[in-house]
Amino acid sequence: MRKHSRLTFRHLNRIQVTNRLSGDPLGYVADLSVGGLRLVASQPLEVGGCYEICLLVPDHRDKLRALDVVVNCQWVRKIPRRDSFEMGFALDRPSQAFVDLVAEMLPKRR
């Protein structure tokens, strides 16, 4: 059983994910919690790898807020009938900005 509630995102309010160092797009967040997130991407990342990523979070005025986080890849699986992969990431020490983001979004989702 999960330790934290997860927020699931629909197409219109997806959080885009980029590589923090290069700026290359990685995919989008399918769901997130205080402890981690699930990423959907066209290419798999290495299980056990540590990644510095940037979440591009849309606000209510369609402006993007950038939030840098460091994540560890826990698992990868191919999505059947699509040319994409989903990956589970854990945040070892979530930043206060990330915790605030999840807390801010939780009331909107219930």
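The questions below go from the overall fold to single residues.

User: What is the order of the elements from the N terminus on?

Analyst: This is a predicted model. The secondary structure comes to one helix and seven strands. From the N terminus, the order is β-β-β-β-β-β-β-α.

User: What share of the residues in the protein is buried?

Analyst: The protein has 110 residues and exposes about 7200 Å². To count as buried, a residue must have under 20% relative accessible area. The buried share is 35%.

User: Which residues have the most contacts inside the largest nonpolar core?

Analyst: Nonpolar side chains tend to be buried together in soluble globular proteins. Here the largest nonpolar core has 23 residues. Elements that give two or more residues to this core include strand S4 (36–41), strand S5 (50–58) and helix H1 (96–109). The residues with the most contacts inside the core are Leu37, Ile53, Leu55, Val69, Val71, Phe89 and Phe98.

User: Leaving aside neighbours within four places in sequence, which residues is leucine 55 in contact with?

Analyst: Leucine 55 is among the residues with the most contacts inside the largest nonpolar core. Neighbours within four places in sequence are left aside. The contacts are then Ile15, Gln16, Val17, Val29, Leu37, Arg65, Ala66, Leu67, Val69 and Phe98.

User: Why is S4 described as largely enclosed by the rest of the structure?

Analyst: Burial here means under 20% relative accessible area. S4 is largely enclosed because, of its six residues, the number buried is five.

User: How many bridges join S4 to S7?

Analyst: S4 pairs with S3 in the antiparallel sense over five bridges, and a hairpin of two residues joins S3 to S4. In that pairing, valine 29 has leucine 39 as its bridge partner. S4 also runs antiparallel to S7, where glycine 36 is partnered by alanine 90. The number of bridges joining S4 to S7 is six.

User: Is glutamate 86 buried or exposed?

Analyst: Glutamate 86 lies in strand S7. Its relative accessible area is 12%. The cut-off for burial is under 20%, so glutamate 86 is buried.

User: Which side chains make a polar contact of 2.7 Å and which of 2.6 Å with the side chain of glutamate 86?

Analyst: Beyond four places in sequence, glutamate 86 touches residues including Leu39, Val40, Trp75 and Val76. Arg38 and Arg77 are also on that list. The polar contact of 2.7 Å is to arginine 38, and the one of 2.6 Å is to arginine 77.

User: What distance separates the C-alpha atoms of isoleucine 79 and valine 40?

Analyst: Isoleucine 79 sits in the loop between S6 and S7. At 12% relative accessibility, isoleucine 79 is buried. Its contacts beyond four places in sequence are Val40, Ser84, Phe85 and Glu86. Isoleucine 79 and valine 40 are 39 residues apart along the chain, and their C-alpha atoms are separated by 8.9 Å.

User: What is the phi of arginine 81?

Analyst: Most residues other than glycine have a negative phi. Arginine 81 lies in the loop between S6 and S7 and is exposed, with a relative accessible area of 86%. Although not a glycine, arginine 81 has a positive phi of about 65°.

Methods
Residues are numbered from 1 along each chain as its sequence is written. This is a predicted model: local features need pLDDT of at least 70, side-chain atom pairs count only at pLDDT 80 or more; totals for chains, interfaces and linings use all residues. Side-chain values use heavy atoms; hydrogens and water are left out. A nonpolar core is a set of buried Ala, Val, Leu, Ile, Met, Phe, Trp, Tyr and Cys residues joined through side-chain atoms within 4.5 Å. Buried means under 20% relative accessible area, exposed over 50%, partly exposed in between (1.4 Å probe, protein chains only). Helices (H or I, at least four residues) and strands (E, at least two) are DSSP runs, numbered from the N terminus. Contact means heavy atoms within 4.5 Å. Accessible areas come from the Shrake-Rupley method with a 1.4 Å probe; for residues, only the protein chains shown count as cover. Two strands pair if DSSP finds at least two bridges between them. A polar contact is a pair of N or O atoms within 3.5 Å; within protein, one must be able to donate a hydrogen and the other to accept it, and residues adjacent in sequence count only if both atoms are side-chain atoms.
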